[in-house]
Amino acid sequence: MYYSVIKKCDIANGPGVRVTLFVSGCTHHCEGCFNPETWDFQYGQPFAEATENEILEALSPEYIAGLTLLGGEPLEYANWTALLPLLKEVRTRFPHKDVWCYTGYLFDRDLLDDFCEKWEDMKAFLSCLDVIVDGEFVQEKKNISLRFRGSENQRIIDVQESLRQGKVVLWEDGE
């Protein structure tokens, strides 16, 4: 897996101050994508053990609320399988910090109905996430006043509550 950038002080992609990893590789190719260079699976730098250590170190200050994964597409097979060990380590070291993931895939249709059936480890990946912002960016539904998403079709989903209830439960914004 490759990644384009790590932001160690991001306030745009989830609540609080966050560490954000922009992965490379995306097959959605949404019109109006804010990051089209990351469609290339080999864009940027290889994700290595040193990269993982850099992210874990960046997460250690108390003021960091959590980790956000976006890109590119974190849920392309080559990406999520490479990210799973990192997420397990984040959960072990920082159980009080949340993990957000942006994906063009739909939580209920693609992830639960398709990916979880194809790949057993997808359940382990989802168990490490607190929030998913799902759905492709749709240029015609772009709305810059939305919090934590770019187009009106995208949902902010409470992953763990959705898994418990067996249906999509939207994330409740504390603001």
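Residues are numbered from 1 along each chain as its sequence is written. In this predicted model, local features need pLDDT of at least 70 and side-chain atom pairs count only at pLDDT 80 or more, while totals for chains, interfaces and linings use all residues, and side-chain values use heavy atoms, with hydrogens and water left out.

Q: At roughly what angle do the axes of helix H1 and helix H2 cross?
A: Helices are DSSP runs (H or I, at least four residues), numbered from the N terminus. H1 spans residues 49-59 and H2 residues 77-93, and their axes come within 11 Å. Axes are lines fitted to C-alpha atoms, for helices over the stretch in contact, with angles from 0 to 180 degrees between N-to-C directions. H1 and H2 are roughly parallel (under 35 degrees), as their axes cross at roughly 25°.

Q: Which residues of helix H3 are buried?
A: Buried means under 20% relative accessible area, and exposed over 50% (1.4 Å probe, protein chains only). On the other side of H3, Arg109 and Glu117 are exposed. The buried residues of H3 (residues 107-118) are Phe107, Asp110, Leu111, Phe115 and Cys116.

Q: What is the relative accessible area of Gly135?
A: Gly135 lies in the loop between S6 and S7. Beyond its neighbours within four places in sequence, Gly135 is in contact (heavy atoms within 4.5 Å) with residues including Thr103, Tyr105 and Asn153. Gly135 is buried, and its relative accessible area is 4%.

Conventions. Helices (H or I, at least four residues) and strands (E, at least two) are DSSP runs, numbered from the N terminus. Angles under 35 degrees count as roughly parallel, over 145 as roughly antiparallel, 65 to 115 as roughly perpendicular and the rest as oblique.
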